[in-house]
Amino acid sequence: MTDEHFMQQALKEARRAYELGEIPIGAVVVWNDRIISRGHNQTEQLNDCTAHAEMIALTSAFNEVGAKYLTDATIYVTIEPCLMCCGALYWSKMGRVVYGGGDVKNGYKQVIGEKHGFHPKTQISYGVLADECISLMKDFFVAKR
C-alpha cells in the first residue's frame with residue numbers, strides 16, 4: 001500500500017466532514033498496512049473544540065490496539081495538524097505522521113516553526129495529495145461565504 005492510497009482514505013473522511021458542515025479534515029491510522037481507525041472533524045456535531053480528525057482517530061486507535069502508544073503506526077491527515085493535535089501525536093509516540101496540505105493559519109508550524117513538535121523518533125512526511133486536500137478546504141470555505 002502507498003501513502004497516496006491511505007491519503008485517499010483520509011480524504012474520504014474529510015468529505016464526510018464536509019457533508020456534515022464540518023471543516024473537511026480527515027485522518028486514518030494505519031498499522032501493518034491495515035487501517036485500524038478513522039476520524040473526521042466533529043467539532044460542530046459534538047460541540048467540542050477538541051474533536052479534530054486526529055483526536056478522534058487517535059482515541060479509536062488506542063482502543064483498537066489496547067495501548068496508549070502507537071510507535072508502529074502511521075497517521076495520515078489531510079491537513080497539517082494544529083498544535084493541540086501535534087501534542088497528542090507527540091504523547092502517542094506515533095511512528096510516522098503523513099499530511100497532505102499545509103495550514104498557514106492554524107498548523108503547528110505557525111507556532112513552533114520548521115522544527116517539529118512530534119516525538120523525536122516520529123518520521124514526518126508531507127505534501128501527499130496536497131492539491132486535493134487543499135482544494136477540498138478551499139471549496140468548503142468558498143461555499144460558507
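The exercises below treat a loop residue, a helix pair and a pocket in turn.

The model is predicted, so local features need pLDDT of at least 70 and side-chain atom pairs count only at pLDDT 80 or more, while totals for chains, interfaces and linings use all residues. Residues are numbered from 1 along each chain as its sequence is written, and side-chain values use heavy atoms, with hydrogens and water left out.

**Exercise 1.** Determine where Lys 68 is placed and whether Lys 68 is buried or exposed.

*Solution.* Step 1: Lys 68 belongs to the loop between α3 (53-65) and β3 (73-79). Helices (H or I, at least four residues) and strands (E, at least two) are DSSP runs, numbered from the N terminus. Step 2: the relative accessible area of Lys 68 is 57%. Buried means under 20% relative accessible area, exposed over 50%, and partly exposed in between, with a 1.4 Å probe and protein chains only. Lys 68 is therefore exposed. Step 3: leaving aside neighbours within four places in sequence, Lys 68 is in contact (heavy atoms within 4.5 Å) with Phe 62, Trp 91 and Ser 92.

**Exercise 2.** Describe Lys 93 by its place in the chain, its phi and its accessibility.

*Solution.* Step 1: Lys 93 lies in the loop between α4 (83-92) and β4 (96-101). Step 2: its phi is positive, about 55°, although Lys 93 is not a glycine. Step 3: Lys 93 has a relative accessible area of 31%, and is therefore partly exposed. Step 4: Lys 68 and Lys 93 are 25 residues apart in sequence, and their C-alpha atoms are 8.7 Å apart in space.

**Exercise 3.** Which residues lie nearest the centre of the largest pocket?

*Solution.* Step 1: the lining has 19 residues. A pocket is an open set of points on a 1 Å grid over the protein atoms alone, where a 1.4 Å probe fits, with protein on both sides within 12 Å along at least five of seven lines; lining residues have an atom within 4 Å of a point. Step 2: Ile 23, Asp 103, Asn 106, Met 137 and Phe 141 lie nearest the centre. Step 3: the largest share of the lining, 4 residues, comes from α6.
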